[in-house]
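Have the viewer open as you go.

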Protein chains: 2
Amino acid sequence: MKSLIKILNEIKKIESAASVLHWDQETYMPEGGGAYRAEVLAYLSLLQHQMATGQKLQDELLRHINYKTGEIINITLSEEEKRLVELVAKDLKKQMALPDDFVEEMSKHASATQQAWIQARKNNDFSAFAPYLEKMIKMKKQEAEYLGYKDKPYDALLDQFEPGMTTETVKELFAGLKERLLPLVKKISEAKQIDDSVLQQSFDTDEQWKFGMKIAEAIGLDMKHARQDVSAHPFTIGFHPEDVRITTRLNDKMLLSGLFSTIHESGHAIYEQGLNKDHYSDPLGQAASFGIHESQSRLWENPVGRSKEFWTYALPILKEHYPQLKDVSLDDWYRMANIVKPTMIRVESDEVYYSLHIMLRFDIESEIINGDIDVNDIPALWNKKMKEYFGITPKNDSEGVMQDVHWSFGGFGYFPSYAMGNLYGAQIMEQAEKDIPGLWDKIKKGEFLPLKQWLNEKVHKHGRYYDPEKLIEVISGEPLSADPFMNYLEKKYKEIYKLK
Amino acid sequence: MKSLIKILNEIKKIESAASVLHWDQETYMPEGGGAYRAEVLAYLSLLQHQMATGQKLQDELLRHINYKTGEIINITLSEEEKRLVELVAKDLKKQMALPDDFVEEMSKHASATQQAWIQARKNNDFSAFAPYLEKMIKMKKQEAEYLGYKDKPYDALLDQFEPGMTTETVKELFAGLKERLLPLVKKISEAKQIDDSVLQQSFDTDEQWKFGMKIAEAIGLDMKHARQDVSAHPFTIGFHPEDVRITTRLNDKMLLSGLFSTIHESGHAIYEQGLNKDHYSDPLGQAASFGIHESQSRLWENPVGRSKEFWTYALPILKEHYPQLKDVSLDDWYRMANIVKPTMIRVESDEVYYSLHIMLRFDIESEIINGDIDVNDIPALWNKKMKEYFGITPKNDSEGVMQDVHWSFGGFGYFPSYAMGNLYGAQIMEQAEKDIPGLWDKIKKGEFLPLKQWLNEKVHKHGRYYDPEKLIEVISGEPLSADPFMNYLEKKYKEIYKLK
């Protein structure tokens, strides 16, 4: 295995270098550095692709597995080693499934489509975006054919974000979710709304930064191996478990948004730091899926970060930073941190409505890929679904169908991961409550280490050893379901909104 | 030529990526990220070496030049193209002259020697450093043999920093310098000293940062293609002419040190930004030498940045940042910015004494490489020279022979570049004064653009087209000499110290 791992180490070094350049691009790079940076990144990506599909890797792999059929050749491999070579073989097969000229055309078309999207959104002109989107859809359907699938073409795309997940599984999960979620949002919308006027003040951003960093460290982000910077859109990027970067953006008018962004990204970063260092360059040291990654950020942000227990600990500290909040009670603060309101824009949504934003996108994009929707019908379909799920209608396509970047870079199959993150996260938290005695009492006292270590042990250290659905079953003993998430939401918001 | 340039472009992309990682390492990288970063950088360096000595490059080069003999094969090349392939051939020959196992051993021994140096300096124990230094010297002598030279082994090492420069040339230049410099420092040391008590206050570092950035932009640093950050040791690094980074360090007790550091690094960065973009990956778009680079930083720092004309413009701005300076006169400020005092430590030296620090190091290291000095005799030799040039004696080897990092990483031949920078810079400025009508009146008004553009045209755009000595002759019509520098120093300090 040593010589296989050596090649993976080299590939990872190229990826890690590219990640540093990406991070710099979003944080510190002067404006004029962009053109050449794009060239360097494209070259590193080409190098990565060449190495990851190269003869050297194929030869090494063939000593252990027939990567075309998946048949294990080296019978001396341990179970762990078998899974490792299977995953490397799967990745290789995927990289090789797409012809070079298709990859190049996709890369160019994705750039062009993103540019078109930026302009079209600015001008609120879907018709200018439509031809690009139409070609993108055609290419994604082609990509699904190249990648292969058992049941539906969309499955091939989903698999890139949630390995093993299918259109049918997501449909079933979302059906279970919708059944309980729609009645809940209806009740909340009819309940007495929460007064959050105290949040409509200016909150010094230096103090926001300091408070956010305190909380990040408190929940377990190891700052010897991480740092936070500022960027236009918050993100997390890991160069290695020993060097993980998060970013935030702060606005003096949006205290909670900046704080929860830091907690969210810290959750991602704690996962990155918790990955198995001994396998940092191979699949056993990689995140299980986009959705599992998202479960780790959302878990800290919502069930933990918006809990009354968390604020029992954190509110007194926040008040030291903002004496202007000295008279706010814990109960009022807790309610303000959990306001539920329909929003037109996904990224501004609360945890209750959020899944509906995703369902809407899943409904449409799975139908786009599996079916035969005319691109010009998509905006109307979007607006119809908005009405159905949210009871509101976008006043134009810029705040409707064109609000997200994902389709323009070809990210069909990406959206479900966000909602899966909520489901995975709730099911994981349910188990954590069972396994960690007095979990919430500990959180009240600011003791987050037991939860963090439990996550390290139960989630992080496995890497991609299990596919996400299997991982959840290994952790909780139950198949993935929407029930833990809905149990959590119903219990929490019943109290907050005093629902019957 | 296109296919040759394509390979150089690829090599440059790897170097540029490595530079971003180096920059991050010195500015933002969390402490714990160092171990893996070293691995990534070592791998990128290996990749670079493989590409820069690879068969592909050799084959392409052989279509134009026999790189072993230097004979041009492709007779259709323009003069510029000829020089380009000659320089690529020279670089290739150098990279291939050193056997792989020697390079690897050197890399390891340099790391070990640096570690030993850090410890030995801390413990003030030269004897602990001596065996490492002894082996390093032996290896550098071996390296000189591998690289080849006409006259003296030290010439081979010098050539890596100042192409074409020899022990003899440096000796002659330094002799001319010493002849006039020693009497000048003697006179200054006997003159009435300058009172700089007004500088012994605390100066807010945020204001230092703002003022420094204003000056950097004023002298011509294009901030759309540059940025400044903080690091332990100030440096400049260019990823491409369109993305150049400088760093500074600020101390509230050292107003001038921080400011002149920013001007110094801005001078380096203006050079990097002024390099020929069309040749960014080949020698015609690279800096001519370490010394020419240093001339660009020192020229802005000293002849310009410490001139009375510069402060005619800058002092009123500085006073806006520091009302505490409102009563300081231009004359007094100018004198304080030009205090001359012997220092034990090179990096704390003023522009007058600086060259003596370098001469001392040149005397010793050229003798080490060309002659046969016992490593244990070096500290005594150092102290003897300090006494001779500065009239002071280090109280221990940590502030004597062990103060600089250079020898520990094998940088023999590096030091002269610093002093050459002073000489090149003065000779360049003398020509600029002739070519730019009313240069100093412009500077009084904060008009730096004419000088910057003149440097772009006369120095920067040539890249490595000329070797440094030739470049100076092309610019000034005269061979390189210490006279312009000494004329500058004598005239300036005669007035400041009211010398006879």
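Is Phe290(B) buried, partly exposed or exposed? Point 3 has the answer, but a word on ground rules comes first.

1. This is a predicted model, where local features need pLDDT of at least 70, side-chain atom pairs count only at pLDDT 80 or more, and totals for chains, interfaces and linings use all residues. Residues are numbered from 1 along each chain as its sequence is written, chains are lettered from A and ligands numbered from 1 in the order in which they are written, and side-chain values use heavy atoms, leaving out hydrogens and water.

2. Rings of Phe, Tyr and Trp (its six-membered ring) pair if their centres lie within 6.5 Å; planes under 30 degrees apart count as stacked, over 60 as edge-to-face and the rest as tilted. That gives 59 aromatic pairs over all chains. Take Tyr36(A) and Tyr280(B): their ring centres are 5.0 Å apart and their planes sit at 70 degrees, so this pair is edge-to-face. Tyr36(A) belongs to helix H2 (residues 34-52) of chain A, while Tyr280(B) is in the loop between helix H10 (255-274) and helix H11 (290-304) of chain B, so the pair joins two chains. Helices here are DSSP runs (H or I, at least four residues), numbered from the N terminus. Tyr36(A) is buried at 5% relative accessibility, and Tyr280(B) is buried at 12%. Buried means under 20% relative accessible area, exposed over 50%, and partly exposed in between (1.4 Å probe, protein chains only).

3. Now look at Phe290(B) and Tyr414(B), whose ring centres are 5.1 Å apart with planes at 75 degrees, so they are edge-to-face. They link distant parts of the chain, 124 residues apart: Phe290(B) is in helix H11 of chain B, and Tyr414(B) in the loop between helix H15 (378-390) and helix H16 (415-435). As for the opening question, Phe290(B) is partly exposed, with a relative accessible area of 37%. Tyr414(B) counts as buried at 19%.

4. Two arginines are worth a look. A charge sits over a ring if NZ of Lys or CZ of Arg is within 6 Å of the ring centre and within 35 degrees of the ring normal. Arg361(A) lies over the face of Phe415(A), 5.4 Å from the ring centre. Arg306(B) does likewise over Phe260(B), at 3.7 Å. Phe415(A) is also part of one aromatic cluster, whose members include Phe161(A), Trp382(A) and Tyr418(A).

5. Finally, the chains: a rotation of 180 degrees with 0.0 Å of shift along its axis superposes chain A on chain B (RMSD 0.0 Å). The two copies are thus related as by a two-fold rotation axis. Superposition is by least squares on the C-alpha atoms of residues with pLDDT of at least 70 in both.
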